[in-house]
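Please look through the structure below with the following explanation at hand.

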Amino acid sequence: MSVTTLPASTREIQLASRPVGRPAAENFRLAESGLPELQDGQILVRNTFMSVDPYMRGRMNDVKSYSAPFAVDQALDGGAVGEVIASRSADRAVGETVVHSLGWREYAVVDAATSAVVRPELAPESAFLGALGMTGLTAYAGLLKVAEFKAGDAVFVSGAAGAVGSLVGQIAKAMGASRVIGSAGTPEKVARLLELGFDAAFNYNDGPVRDQLEKAAGPNGIDVYFDNVGGEHLEAALSVLNVGGRVAMCGAIAQYNSTEPTPAPRNLMLAIGKQLTLRGFLVGGYWHLKDEFMEKAAAWLADGSISYDETIVDGLENAPQAFMDLLDGANTGKMLVRIQPQG
């Protein structure tokens with residue numbers, strides 16, 4: 001793309017209003033916005049893929065949290081990957097592919113220092129929003145550093161067919177877990193978990209989670225619970241965890257659309273006698289592990305220890321629906337929106 005054909009504006013998805021409970025189409029707006037001129041140190045990126053993630057639901061509420069809320073009548077943001085089509089940075093060349101945080105739009109003016117060049121020899125560019133990106137690092141750091149996983153541990157993962165959960169289970173197997181159990185919401189997802197190497201998997205819609213987890217774990221229980229769901233899943237895990245068990249609290253998707261306070265696990269007192277550790281975490285606190293993770297993940301991908309799934313929705317205009325579908329569990333693996341055809 002030559003300088004004379006650089007875009008002056010971009011289509012983008014704005015937050016039209018704050019959702020109450022489950023987000024709806026009217027909470028979003030497809031709009032056009034002018035692009036500012038590049039300043040020194042900036043790049044113009046043509047986005048090819050963007051990520052929709054469960055944490056974005058919390059940012060749609062006007063409440064104080066670990067991440068600033070989205071502003072009404074402004075474009076949303078989130079992980080994206082795309083091609084540099086103009087540059088005023090010595091560190092980023094036109095034609096390079098970068099990951100950055102200004103998704104939900106076709107074109108983005110990005111501070112080059114906040115972007116990262118992808119390594120196309122490792123995987124397709126979309127993988128750098130998932131298995132080789134924030135998603136993969138979340139799985140790696142949560143399992144190894146937060147839950148202090150060690151070889152021989154039995155691991156339970158909720159939301160296990162999602163982008164993070166599916167990688168947690170595979171990493172645990174690659175690093176010597178004695179048993180890996182996953183929960184998911186459809187028979188097809190359960191079957192996929194077994195294909196990915198999980199030792200056992202169950203559909204949480206088939207009966208009480210505790211009963212199914214106890215059966216899947218057997219007499220040896222579990223040592224680690226990686227929590228993506230909260231609610232009934234966390235309560236069940238507390239019952240089945242062994243003495244000294246550890247919980248990495250990554251997400252609580254079962255509660256994100258709740259309009260009333262959700263009750264805590266009724267058996268939380270078990271944490272005392274079992275000497276459990278429950279630790280919440282944010283991936284932002286573990287960026288220093290990015291290179292370590294990338295090196296190991298590249299090796300695991302190369303030898304087939306881990307693989308990843310993507311659910312891809314075409315068209316920026318369909319990003320709100322993709323996000324709503326994500327909250328309803330419609331994805332297997334990473335939910336992505338393909339913004340423009342590559343090439």
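This is a predicted model: local features need pLDDT of at least 70, side-chain atom pairs count only at pLDDT 80 or more; totals for chains, interfaces and linings use all residues.

Phe28 belongs to strand E2 (residues 28–34) and Phe323 to helix H9, so the pair ties together parts of the chain that are 295 residues apart in sequence. Phe28 and Phe323 are both buried.

A second pair, Phe156 with Phe202, is stacked: the centres are 5.9 Å apart, with 25° between the planes. Here too the pair links distant parts of the chain, since Phe156 is in strand E8 (residues 154–157) and Phe202 in strand E10 (residues 200–203), 46 residues apart. Phe156 is buried, and Phe202 is buried as well. Returning to Phe28 and Phe323, ring pairs link these two residues and Trp104 into a cluster.

The next topic is how helices pack. Helix H2 (residues 134–146) and H3 have axes that come within 8 Å and cross at roughly 50°. That angle makes H2 oblique to H3, and the crossing is right-handed. Which residues of H2 and H3 meet? On the H2 side they are Thr135, Gly136, Thr138, Ala139, Tyr140, Leu143 and Leu144, and on the H3 side Ala163, Val164, Leu167, Val168, Ile171 and Ala172. Sorted by class, the contact of H2 with H3 has 10 nonpolar residues, 3 polar and no charged.

Another helix pair is formed by H5 (residues 209–217) and H6 (residues 231–240), whose axes come within 9 Å and cross at roughly 40°. H5 and H6 are therefore oblique to each other. Their crossing is right-handed. In this contact, Val209, Arg210, Leu213, Glu214 and Ala217 of H5 meet Glu232, His233, Ala236, Ala237, Ser239 and Val240 of H6. The contact of H5 with H6 divides into 6 nonpolar, 2 polar and 3 charged residues.

Two single residues remain. Ala163, already named in the contact of H2 with H3, is located in helix H3 (residues 163–174). Is Ala163 buried or exposed? Ala163 has a relative accessible area of 17%. The limit for a buried residue is under 20%, so Ala163 counts as buried. Leaving aside residues up to four places away in sequence, Ala163 touches Thr135, Gly333 and Lys334. Of these, Thr135 is one of the H2 residues that meet H3. The C-alpha atoms of Ala163 and Leu132 are separated by 11 Å, and these two residues are 31 apart along the chain.

Where is Gly315? Gly315 sits in the loop between strand E14 (310–314) and helix H9 (319–327). H9 is also the helix that holds Phe323. With a relative accessible area of 12%, Gly315 is buried. Its contacts, again without residues up to four places away in sequence, are Val337 and Arg338. Between Gly315 and Met335, 20 residues apart along the chain, the C-alpha separation is 13 Å.

Key. Residues are numbered from 1 along each chain as its sequence is written. Side-chain values use heavy atoms; hydrogens and water are left out. Axes are lines fitted to C-alpha atoms, for helices over the stretch in contact, and angles run from 0 to 180 degrees between N-to-C directions. Helices (H or I, at least four residues) and strands (E, at least two) are DSSP runs, numbered from the N terminus. Angles under 35 degrees count as roughly parallel, over 145 as roughly antiparallel, 65 to 115 as roughly perpendicular and the rest as oblique. A crossing is left-handed if the near helix is turned anticlockwise from the far one by less than a right angle, and right-handed if clockwise. Contact means heavy atoms within 4.5 Å. Ala, Val, Leu, Ile, Met, Phe, Trp, Tyr, Cys and Pro count as nonpolar, Asp, Glu, Lys and Arg as charged, and the others, Gly among them, as polar. Buried means under 20% relative accessible area, exposed over 50%, partly exposed in between (1.4 Å probe, protein chains only). Rings of Phe, Tyr and Trp (its six-membered ring) pair if their centres lie within 6.5 Å; planes under 30 degrees apart count as stacked, over 60 as edge-to-face and the rest as tilted.
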